[in-house]
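Work through each task before reading its solution.

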Amino acid sequence: MIEEDWSRCEVLVKLLKPLQLTTTVLCSEQQITISMVRPLVASLISKHLNSNQTDCMFATTFKSTVSKELVKRFSMEDPNDEESTDNLPVLIAQMASLLDPRYKNLKFESSEQIKYRIQSMIRSKILSVNNFLTNVDNCNQIAKKTVLDELMGQFCDDDEDEFTRYLSEPQINHNENPCLWWKARENVYPTISVLAKKILCIPASSASSERVFSRAGNIITPKRNKMTPHHLSALVFLKNNL
């Protein structure tokens, strides 16, 4: 290698460090990750991949190329792109960010149009969850129906009020635990908490499942290949929960 190549390697080490840290965070198994995808990508683009006057030509080209690929891959700036509404991974990540009290202000989204679209999706999901919970508890509700319920009827905008109250909550620090936040407010936002549990449990990457396959491959060896599926499952479970 020539001296110029060593210089480029030194530049690359510094440029790749934020990408390596982001990958490590999104591959975590001990915290919610799906809601962090878009905030972290936006932070990479705006803070770590933003060219400045001190950058050399190589660094400027690298930052520009990676930034464009991230914008394209995660649909960070496409409010008028109809294909974005059919991109399920992007939609799930957007809804997860809104349901995460650390990022619910959606400051990392590029336009108010995108924010409004995400809120509309959440509202429709809340209605679906509310209808499901209503059908499940329908018999109990009929049994407990009072005279005032008969005379005044039921309010149909409880889900809207619940979502509005959630949006008015202050956004918490990114170092706080959203699971604890939702656990403390599960009774305050009963419908939204159900939706949050369904979406926020989705991992941001397939690293967790790949680790399980790797551990199973380390347990089953050519000299230990007669193990039953039951014993293999038990050993993998013990290994993952040590």
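**Salt bridges and burial**

The structure holds 8 salt bridges, a salt bridge being a side-chain nitrogen of Lys or Arg within 4 Å of a carboxyl oxygen of Asp or Glu. The model is predicted: local features need pLDDT of at least 70, side-chain atom pairs count only at pLDDT 80 or more, and totals for chains, interfaces and linings use all residues. Residues are numbered from 1 along each chain as its sequence is written, and side-chain values use heavy atoms, with hydrogens and water left out.

**Exercise 1.** Describe the pairing of Arg 8 with Glu 4.

Solution. 
- Step 1: their side chains form a salt bridge, 3.2 Å from N to O.
- Step 2: the two are 4 residues apart in helix α1 (residues 3–26), so about one helical turn separates them; helices are DSSP runs of H or I, at least four residues, numbered from the N terminus.
- Step 3: Arg 8 is partly exposed because its relative accessibility is 36%, where buried means under 20% relative accessible area, exposed over 50% and partly exposed in between (1.4 Å probe, protein chains only).
- Step 4: Glu 4, at 45%, is also partly exposed.

**Exercise 2.** Classify Glu 112 and Lys 115 as buried or exposed.

Solution. 
- Step 1: the two form a salt bridge, with the closest N and O atoms 3.4 Å apart.
- Step 2: both lie in helix α5 (residues 112–136), 3 residues apart.
- Step 3: Glu 112 has 58% relative accessible area and is therefore exposed.
- Step 4: Lys 115 has 16% relative accessibility, so Lys 115 is buried.
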